[in-house]
Amino acid sequence: MKRTAALVALAAVPVLFLGVFFVLPVSGMVGLGLVSDGRFAPGEALEVLGRARVHRVLWFTVWAAALATAITLLLGIPAAYVLHRLDFPGRTVLRAAFMVPFVLPTVVVGIAFKHLFAGALAGLALDGTPVPIIAAMVFFNLAVVVRTVGTSWESLDPRPAEAAAALGAGGWRVFRTITLPALRTSIVSAATVVFLFCSTAFGIVLILGGLRYATIETEIYLLTTAHFDLPAAAALCLLQLFVVTLLLYAAHRARAAAPVPVERRAPGARRIRRTDLPAVLAAGVALVLIAFPVLDLVTGSLRHDGNWSLANYRALDQVGQGSLVEASVIEALVNSLRTAFDATWLALLIGGLVSVIVTRRSHSPTERRVRAGLDGFFMLPLGVSAVTLGFGFLITLDEPPVNFRDSPMLVPIAQALVALPLVVRTLAPVLAGIDDRQRQAAASLGASPLRTVLTIDLAVITRPLLAASGFAFAISLGEFGATSFLSRVDHPTLPVLIFRLLGTPGSHNYGMALAAAVVLAATTAAVMLLVERLRVPGVGGF
Amino acid sequence: MLEIIDASVDFGPVRAVDDVSLDLPGGEVVAVLGPSGCGKSTLLRAVAGLEPLAAGQIRWDGADLAGVPTHRRGFALMFQDGQLFAHQSVGANVGYALRIRRRPRREITERVEELLGLVGLAGYADRAPATLSGGERQRVALARALAVEPRLLLLDEPLSALDAALRERLAGDLREILTSTGTTALFVTHDHDEAFAVADRIALMRAGRLVQAGTLAEVWEHPRDAEAAAFIGYATVLSGAAADLVLGAAGLPGGARVALRRSAVQVVREGPLRGRVLSSRLTPEATRLEVEVEGVGQVAAVLGDGVPPPGPGHQVRLRVRPERLAVIGDDS
């Protein structure tokens, strides 16, 4: 009884937080979509889903994501092989290079590809077509495939392949009949995650697609900010909610199907042979795809009026031109850092509490039921995209009972919710991995509950906690989906300012946006580098 | 002293410990012996305050312990796999309870050295737990549990994770350390050899209930029932005419059931029973045989001194040694 009461008390903070900042916005959004004049009227939502424009958007979302996923796999699997099974000088550096795109904020990726296709590759006349969008999606998600498939390839027992070879199978046949089936679960898992990321891509599509090419996510944004058609936006949010939940379920199934890792004889990497040539070529293409846009962005930021110059960087403390640009890049960066700081401690507080609650062992049936209920409740934010969240905030939190419209905490709270699933995914497995008897041993030696937590839990959780903070901080720095709805004009975060600079004509603004993107990328990369140094297993893996 | 009075523990609808009463006088070592899943570990955890009682009481020196949390009970708990704190050195592990009680640093250092000496690991203070063998880890866990001279030491299968030879040696050491420090201990195990090697008294548990409790001799000489006899190491339990025949051969009155150790039936040159050898096997201790005894059935037997080993199919004479059997009282 006492334990259940303590559990409920502990759960009060995250439950209240999620209740106000998650359930309320999402139910407000559902209400807006399905309720009209106080009556349940799904007709309007169905009407929205019947529009020709919405059909186009939906179709584009699906085929662009599917194509991008296919290309990502086609380039990523050979790259995974080259980076994780072959031995050559510079392998470690190259592996790190492949991870860079994934940590870049989506706005940075968007602007890099815009600059690439409007500048260096302008001759191809592909700017304004879906090609830059798909290329950017591939760029962004290669890391997922390389990391997920590569790790599993690395620990693959080589003996079945050797046995097949001894039975007379040639190289390609061994790959097709032995290696590929063994990698199947990791490939399926990576593909599901990539498809999820691509189909919910927001920043990239908003910058590269303009008004012509929109995914469900960007359409929600356009309907809200350009057309003020809130019921239609709400209807699309519902659709998105449904699709994302479905995809998350598929991803979960793909992961659950993965066999329990056993201790295997991991082979050493071997030198490159002539038969590896196709794989090396594919990996080379992938490398070009990754390196070219980044280098192009950096060089672009260093050019001003056709000359090499630091003028774009010198202009970072000036306010750009345009009605929606009311802050300098430096000011926006400071805003971003402040916001990220608040979002991080919020995400850690809530995520930490959630992790503790869901991993503690239950002592009574009542406690177990309460815990299972909380567990399910805390998983809810996983199914909601950042854009949906931002939209929900916008329509529900600006009037009584909860008026946060002018609160400086609105953006940090939204970003904390976006980072929350990741924080929980980093902390909960570590806490769950602690043998409860360690705590019991400490208690039997006289340690109070607080002291037990300090001795046992904190010792194990320190590094994952640091890693989760870094991750949450980086996510918050680059967060654009929810923030784009909530950021105030005079108080933008850096990604929002970059987007506004891009949207306002003028070469001065453009150069400034390029330099700002480099600054944002460097800041995020620095944070992620620190996280990587902590070497917490499983962080950021899928 | 510890008194467990009509204690029950429930896991949901399952009653894991059912109405158990047991006294543990100060300075004694009591082993709770039973097969896995019999509720003995749960009973131990209830004493430690890790499981709530569904009914009954646990008292220390007359005071009810209900509502006293684990860390205030002053009972140290030692687990099957030690549960050392991996991020702390051996010395820090042993000194943990002392640091909680804010003892002066010098006293802690001295006490840690003393305890490590006691468990035969002098000079190990700076080692990391990961570098120790299984047996060494259990020794450290024991030293850690003994550090503040707990009023009661609870041991949950402390030797089960070790291999046979090590287990035997450590059981002896454990007994010596517990008696030399005068520690009161409640000790849970499924291994009867371990229980007999370490404890003063034994409590037999089965399916959540206490079957029998008493000194080693009491339990050994008068197991409560056939199952109890089998569990504490008797090879065969006979009843009816077969039991009467064996009891008669041992010079004891019939009318009861009888539990036989392997060495209770001996192949000799002249004896009251006849039988046919089914198989024989040479072991380091003795030649063990399976014999089909007339009127009794198949029993285990050993070869008496100076008797030539018979092969399978041979007719032999046997005698029964009364000091190697137990008469089971209630023939229910």
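This report covers the overall build of chain A, then the domains and a sheet of chain B.

The model is predicted: local features need pLDDT of at least 70, side-chain atom pairs count only at pLDDT 80 or more, and totals for chains, interfaces and linings use all residues. Residues are numbered from 1 along each chain as its sequence is written, while chains are lettered from A and ligands numbered from 1 in the order in which they are written.

**Chain A**

Chain A has 22 helices and eight strands. Helices (H or I, at least four residues) and strands (E, at least two) are DSSP runs, numbered from the N terminus. The overall values are set out below.

| Property of chain A | Value |
|---|---|
| Box filled by the C-alpha atoms, along the principal axes | roughly 70 × 65 × 50 Å |
| Share of the 542 residues that count as buried | 46% |
| Share joining residues at least 24 apart, among contacts between residues at least 6 apart in sequence | 81% |

Buried means that 20 or more other C-beta atoms lie within 10 Å of the residue's own (exposed: 12 or fewer; partly exposed: in between), with C-beta atoms placed from the backbone. Two residues are in contact if their C-beta atoms, placed likewise from the backbone, lie within 7 Å.

The radius of gyration of chain A is 24 Å, which agrees with the value near 24 Å for a compact globule of 542 residues. This radius is taken over C-alpha atoms, and the globule rule is 2.2 Å times the number of residues to the power 0.38.

Helix α10 of chain A spans residues 216-225. Eight of its ten residues are buried, so the helix is largely enclosed by the rest of the structure. Among them are A:I216, A:Y221 and A:L223, but also A:E217 and A:E219.

**Chain B: domains**

The domain assignment gives domain 1 (2-227) and domain 2 (236-330) in chain B. Such bounds come from an automatic or database assignment. The centres of the two domains, over C-alpha atoms, are 38 Å apart. Five residues from domain 1 of chain B and six from domain 2 of chain B make the contact. On the domain 1 side, two are nonpolar, one is polar and two are charged.

**Chain B: sheet**

Six strands form an open sheet in the order β6-β7-β8-β3-β9-β10 (chain B), with mixed pairing. Strands pair if DSSP finds at least two bridges between them. β6 (75-78) and β10 (209-215) of chain B are the edge strands; each has a single partner, so one side of each lacks a neighbour in the sheet. The twist averages 15 degrees from one strand to the next. β6(B) runs parallel to β7 (residues 152-156) of chain B, over four bridges. Here B:M78 stands opposite B:L155 in β7(B).

How values were computed. Ala, Val, Leu, Ile, Met, Phe, Trp, Tyr, Cys and Pro count as nonpolar, Asp, Glu, Lys and Arg as charged, and the others, Gly among them, as polar. Axes are lines fitted to C-alpha atoms, for helices over the stretch in contact, and angles run from 0 to 180 degrees between N-to-C directions.
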